[in-house]
Amino acid sequence: MLEIIKQPWPWYVSGPLIGLMVPLLLLLGNKAFGISSSLRHVCAACFPANIPFFKYNWKQEVWNLFFVAGIAIGAFITWQWLFDYNSIHLNPKLLNELNSYGITDYKQVVPHELVNWQSLFTLKGFLCIIAGGFLIGFGTRYAGGCTSGHAISGLSNLQWPSLVATISFMTGGFVVANFILPVILKI
Amino acid sequence: MMENTVAYNTKETTRNATQATSTVVINLKFLLAGIFFGFLLIKSEVISWFRIQEMFRFQSFHMFGIIGSAIMVGMISIFLIKKFNLKTINGEPIAIAPKKFNKGMIYGGLLFGFGWAITGACPGPLFAQIGSGATVVMITLLSAIAGTWTYGRFREKLPH
């Protein structure tokens, strides 16, 4: 029984449930499903530094911070007790490629050979942890949203600017994953 | 006089405490919604760095299936909400702000795409990866906050 509960869910089960977050948040309190805004609220709450972009009443948006705290708690509970990563099936082609860079353990959410506390002080680790994170925060705010705000919420509401943003995310990711990341991983 | 001050302070403290409690109570439903979403991010394997690499290499349909079906369900839901004029649980009419185009969506979108492929995470999964025990991702998150701050700082100088 526990084995069945712990299985990952196929895309046609988990995808539609993720889509239901859109009406759920609207019905719970007129909130637009979007996560990258939480990063802006943290800036506004902790380091506003008199910057106009961070001068707003972040307390009115505090629901978003409760939401992201929930994500971490939900992930903790699920990872500890409700999930078995051994049943994940990745494309062998990817695993072969990663093997050649010394990444062999794919039973984790991030490759621990690459993303760990010691590697922070290496060039590879710096690029994959610090530079990558910076691009996420800078890029999502510049674009006005991330996968949840543009790709899911925006497209659900038939917003063409969100389509432009989504195509840009995918293009950027395609270029880096195929042409830049392999170079970084060879460092 | 002193008694008055003490009484006033106690009152003030009680009021602050009440306010803090009501903030928590009001937002508890969003915490629960977040817990559910965190659960889904793991069950769907969206938090996996490896799944993101597969997606950008077109080596698996998994991620495209998830994002595509999530959008379909979201679209149908919003269509129904508008068609039947549904209200929130507090009885307010539902209003969704439209997205206004600016070129930042292209420039910023590309930059976010770079970060997504390098870290194997978008903002939601960052929180989920930390929750699942990948503690070093806290540094990625702090760096993302720094990135957002830097955008805010230089916003006027950037092309939009």
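Helix 4 of chain A is largely enclosed by the rest of the structure, because eight of its 10 residues are buried. Buried means 20 or more other C-beta atoms within 10 Å of a residue's own, with C-beta atoms placed from the backbone. Helices are DSSP runs of H or I with at least four residues, numbered from the N terminus. The model is predicted: local features need pLDDT of at least 70, side-chain atom pairs count only at pLDDT 80 or more, and totals for chains, interfaces and linings use all residues. Residues are numbered from 1 along each chain as its sequence is written, while chains are lettered from A and ligands numbered from 1 in the order in which they are written.

The buried residues of helix 4 are A:Ser37, A:Ser38, A:Leu39, A:Arg40, A:His41, A:Val42, A:Cys43 and A:Ala44. They pack against helix 5 and helix 7 of chain A, and against helix 5 (123–131) and helix 6 (137–154) of chain B. Contact requires C-beta atoms, placed from the backbone, within 7 Å.

Helix 4 of chain A packs on helix 6 of chain B at about 75 degrees, with axes 9 Å apart. That makes the two helices roughly perpendicular, a label for angles of 65 to 115 degrees. Axes are lines fitted to C-alpha atoms over the stretch in contact, and angles run from 0 to 180 degrees between N-to-C directions. A:Leu39, A:Arg40, A:Val42 and A:Cys43 meet B:Ala144, B:Ile145, B:Thr148, B:Trp149 and B:Gly152.

Across the two chains, 104 residues of chain A are in contact with 103 residues of chain B. Helix 7 of chain A gives the most to its side, with 16 residues. The table sorts both contacts by class: Ala, Val, Leu, Ile, Met, Phe, Trp, Tyr, Cys and Pro are nonpolar, Asp, Glu, Lys and Arg charged, and the others, Gly among them, polar.

| Contact | Nonpolar | Polar | Charged |
|---|---|---|---|
| Helix 4 of chain A with helix 6 of chain B | six residues | two residues | one residue |

Chain B has six helices and zero strands. Its C-alpha trace spans about 75 × 45 × 40 Å along the principal axes. Of its 160 residues, 48% count as buried.

B:Leu41 is among the residues with the most contacts inside the largest nonpolar core, which has 91 residues. Such a core joins buried Ala, Val, Leu, Ile, Met, Phe, Trp, Tyr and Cys residues through C-beta atoms within 7 Å. Beyond four places in sequence, B:Leu41 touches A:Ile71, A:Ala75, B:Val46, B:Ile47, B:Gly124, B:Pro125 and B:Ala128.

Notes
A residue is buried if 20 or more other C-beta atoms lie within 10 Å of its own, exposed if 12 or fewer, and partly exposed in between; C-beta atoms are placed from the backbone. Angles under 35 degrees count as roughly parallel, over 145 as roughly antiparallel, 65 to 115 as roughly perpendicular and the rest as oblique.
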